Amino acid sequence: MATLRNVLRANATSCLAFGGLFLLMPAPAAGFLGTENLAPNIVFQLLGVVLVFNGFHLVWASLQASPPKLLVLYFSAGDFLWVAGTALLLVMGLWITSPVGIISSLLIAAWVGTLGVLQLVSYKKLGPVTQADDFS
C-alpha cells in the first residue's frame, strides 16, 4: 500500500542512490547520459550533494508520526522540479543526448513524478494546512 511513510522512504532511497552515484562517479554518469557536450563533473557532484541531503531529509520525515503538511508539499515540489528540469534538458538537447540516457532520464523522471503525485495524494488525506503546521 502507498502510505505516506512508504512513499517518502521510496523517494529517500532514490535520492540517496542517485546522489551517491553522482558524487562517486560523476564522469561515468555524464558519459552514460550524453555523447557530446557532457555535463561538467561539478554539476553531478553538486546535484549529488543536494540529493543526498534531500534523501536524509526524506528519511527523517518518514520517521515522524505525522510529517508536517508543508514539508510534504516541499518534497513534491522538489520532485516536480526534477521532472521539469529533465524535460528542459531533453528539449534543449543539453547533456542528455545518448539514446540510453534519454530513455533512462524519461523513466527516472516518470518515477520521480509519480512519487511527487503519491505524496500529494497522501498530503490531501492529511487535511488542510493550518497555522499549527510548520517544518519542526
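Helices H1 and H3 cross in a left-handed way (the near helix is turned anticlockwise from the far one by less than a right angle; clockwise would be right-handed). This is a predicted model, so to speak of local features pLDDT must be at least 70, and side-chain atom pairs count only at pLDDT 80 or more, while totals for chains, interfaces and linings use all residues. Residues are numbered from 1 along each chain as its sequence is written, and side-chain values use heavy atoms, without hydrogens and water.

**H1 with H3**
- Helix H1 (residues 4-24) packs on helix H3 (residues 41-62) at about 155 degrees, and their axes are 7 Å apart (helices are DSSP runs of H or I, at least four residues, numbered from the N terminus; axes are lines fitted to C-alpha atoms over the stretch in contact, with angles from 0 to 180 degrees between N-to-C directions).
- H1 is therefore roughly antiparallel to H3 (angles over 145 degrees).
- Their contact holds 16 nonpolar, eight polar and two charged residues (Ala, Val, Leu, Ile, Met, Phe, Trp, Tyr, Cys and Pro are nonpolar; Asp, Glu, Lys and Arg charged; the others, Gly among them, polar).

**H3 with H4**
- The axes of H3 and helix H4 (residues 69-92) come within 12 Å and cross at roughly 150 degrees.
- That angle makes H3 roughly antiparallel to H4.
- The crossing of H3 and H4 is left-handed.

How values were computed:
Helices (H or I, at least four residues) and strands (E, at least two) are DSSP runs, numbered from the N terminus. Angles under 35 degrees count as roughly parallel, over 145 as roughly antiparallel, 65 to 115 as roughly perpendicular and the rest as oblique.
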